[in-house]
Amino acid sequence: MLDKLTSTQTSCFFAVVFFFSIQISYAVLVFQQFRILDVLFISSIFLLLLTSLTILMIISQPKVSVSKEKGNHIAPAIFLTLLLVLLANSTSDQFLKYYPTFPMLQADIGRGWHQDSAYHVSIIQSILRTGFPSISQHEDPLIIYHVLSHYIDATMLGLTSLEPWDSYGLLFHLKETLVLSLLLVFFAVAAENLKPLLLFSLVILFLPAVIGSWHLIGSQGEWFATVLTIAISPVIFGIISDRIPISPINLGLLLIAIPLIAMAKVSAGFCVALILSISLILIKPKSASIYFVIFSWALFFVTYSSFFAVAETRSQSTLWLVKYILAGADGFSKTAFSLIMISFLISYLSGRRKNQIVFASGILSLLILIIVFLIHDKLLRPDLNAFLRGFNLFFLLLVIQSVCSLFLDKVSIPDTKEIGTKFIAFICVFLLAGALILPRVNLWNPNLNFVARLALLHPNEAVLPANLGYKETSILSVNRFSEHSVFDFHSDQPFSHLRRSVREVLAFNNLTESDVLLFIPREVYTGEFRRLFDPDSKLSFSYGLVTSAIIGIPLLHGIEAIRGRYGLSDYEPSAEWTSLEEFFRDDVCRFGKSVLVVTVIDPAKIDFYPC
């Protein structure tokens, strides 16, 4: 296959191989709570996904004349690998709190968890247990939220022996590896026969801008939407540039792809659909098949959105929202406006219809998005940011391909525009440097900074730094690095022991997690649970979520109080915490399943009531 690639593409693919190898080695070294074979197996699943998407991206493109230029592919590949390693170590502290390296240890020693993580893992646990998504706080009511991303997570975990909660940080590391590798493949496909130096310049310029604030995988539901958007964007630009025909097969591919992206992250799917719909209409305004596809997408979004529970109304005024957008919307609208400016410059300087279509579809889509948010008071500020992120990712990928096309088009253009074309990269640098969200590249204190990565070089020092308030380091067993062990992950900590005790009860009675319900009384939540796991009492509303996420069994009365976020508004007040005495006033078998009642956590005391 390599003999069919251009010289530039070959360097990119060598870099992907080098980078993936480094990241897997890193995972084996750092995630010491897992067996090496388990880490290698889950890594191979991500590698298989990357390989499949890479092949699809390559074969979907029209054949190009392969450059006969010979050269050393290793040196450029090493340069690109170093860039990817730098970017892999640029994750913000915000998301490091979501994806701790040792989440089970952190919960066990009373240092808490992030409620978002508990929410998403509880959904993954439900899919593994029953096949459909739920947060399982009072039996298993259906919740439709980023379902495809959660199903992909559940499928990968189902193929392994890894615990969903324990491996949450490991999966984030591998998703980061997958997305960065796939982005480099995207550049290789978009660049085709570009000279290596020019490709490297574009990668250095645009790859950090694509990564941005790391929401593209840091926001849990976005990761698979990001993967699909990157994979399909070369096909979409090929259609816009008339290199790929608008055939029934390609329309069918797009018809399926958009709902898949939306089921991973609805905001991302909607933005891709909006930009693509306008582009297709501009290309073929009289095509009935295009309007059929657009109507099908609209019908899907109307139907799919009906499953979302809307419990809040925006409290801010329309004027406040306008000011928020003009002020930058946490940087996301600022990025969108900058991309529109860059696209306009490209379309003006090139004079090519494809670049004009990209610009027109971008500015019209952005206007539509803003108008929708101004008139729809059920869409909140986080929703606006999510939709802007979806717009920015897809439109930036189109802009990158437009820039590449400036150097790939073999046509004569007026002298004034030729001068402008040669300086377009510098104009883009100026705009991007001043406006786009760039990652905080941090090589020496990278994405496991709260586990003190440098402690791997100093194994006899404590590896939990003070900035997260870890004090009980005596609870840990810190051994020499040469013994390949930093922590003792097998000690009898409270949450780990509770999970193991629950499974022992199930095994003794020949039951599975889907056969039973778990009840923890209010007095246990407010007493022992809080004392052991949340001494600062900051996470009480997520006690049920984290219990479901770690143990993997649907709860009874797992909600502290009904609230608008995290799917809790789907429940009735009867799902809230209740005392042991109140619980036994009615028949314990009224829920139709056997019940496990936790009366003591440390050491675990569990009463089993068969039904």
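**Helix pairs, sheet and confidence**

Author: In this predicted model, helices H2 and H8 are roughly parallel to each other, because the angle between them is under 35 degrees.

Reader: At what angle do H2 and H8 pack, and how far apart are their axes?

Author: Two packed helices are described by the angle between their axes and the distance between the axes. H2 covers residues 36–59 and H8 covers residues 168–191. They pack at an angle of about 20°, with axes 10 Å apart.

Reader: Is the crossing of H2 and H8 left-handed or right-handed?

Author: The two helices meet through residues including Phe46, Leu50 and Leu53 in H2, and Leu174, Leu178 and Val185 in H8. Ser43 and Thr54 in H2 also take part, as do Lys175 and Ser181 in H8. The crossing of H2 and H8 is right-handed.

Reader: How are H16 and H17 oriented towards each other, roughly parallel or roughly antiparallel?

Author: H16 (residues 332–350) packs against H17 (residues 353–375) at an angle of about 155°, and their axes are 8 Å apart. An angle over 145 degrees puts the pair in one class, so H16 and H17 are roughly antiparallel.

Reader: What is the handedness of the crossing where H16 passes H17?

Author: Among the residues of H16 that meet H17 are Phe337, Ile340 and Phe344. On the H17 side, the residues include Phe359, Gly362 and Leu366. The crossing in which H16 passes H17 is left-handed.

Reader: In what order do the 4 strands lie in the open sheet?

Author: E1 pairs with E2 in the parallel sense over 2 bridges, and Leu518 has Leu555 in E2 as its bridge partner. E1 (residues 516–519) also pairs with E3 in the parallel sense, over 4 bridges. E3 and E4 pair in the antiparallel sense over 5 bridges. The pairing is thus mixed, and the order is E2-E1-E3-E4.

Reader: Which are the edge strands?

Author: An edge strand here pairs on one side only. That is the case for E2 (555–556) and E4.

Reader: How many residues does the hairpin between E3 and E4 run through?

Author: E4 spans residues 605–609 and is the antiparallel partner of E3. In E4, Lys605 is the bridge partner of Val600. The hairpin that joins E3 to E4 runs through 4 residues.

Reader: Why is E3 described as largely enclosed by the rest of the structure?

Author: E3 covers residues 594–600, and a residue counts as buried when its relative accessible area is under 20%. E3 is largely enclosed because the number of its 7 residues that are buried is 5.

Reader: What percentage of the residues of the chain count as buried?

Author: The chain holds 24 helices and 4 strands. Among its contacts between residues at least 6 apart in sequence, 77% join residues at least 24 apart. Of its 611 residues, the buried share is 58%.

Reader: Over which residues does pLDDT stay under 50, with 82 contacts beyond four places in sequence?

Author: The mean pLDDT of the chain is 80, and 80% of its residues reach 70 or more. Residues 411–417 are below 50, and that stretch has 6 contacts beyond near neighbours in sequence. Where pLDDT is low, the predicted coordinates should not be read in detail. The stretch with 82 contacts is residues 443–486.

Notes. Residues are numbered from 1 along each chain as its sequence is written. This is a predicted model: local features need pLDDT of at least 70, side-chain atom pairs count only at pLDDT 80 or more; totals for chains, interfaces and linings use all residues. Side-chain values use heavy atoms; hydrogens and water are left out. pLDDT is the predictor's confidence in each residue, from 0 to 100. Contact means heavy atoms within 4.5 Å. Buried means under 20% relative accessible area, exposed over 50%, partly exposed in between (1.4 Å probe, protein chains only). Axes are lines fitted to C-alpha atoms, for helices over the stretch in contact, and angles run from 0 to 180 degrees between N-to-C directions. Angles under 35 degrees count as roughly parallel, over 145 as roughly antiparallel, 65 to 115 as roughly perpendicular and the rest as oblique. A crossing is left-handed if the near helix is turned anticlockwise from the far one by less than a right angle, and right-handed if clockwise.
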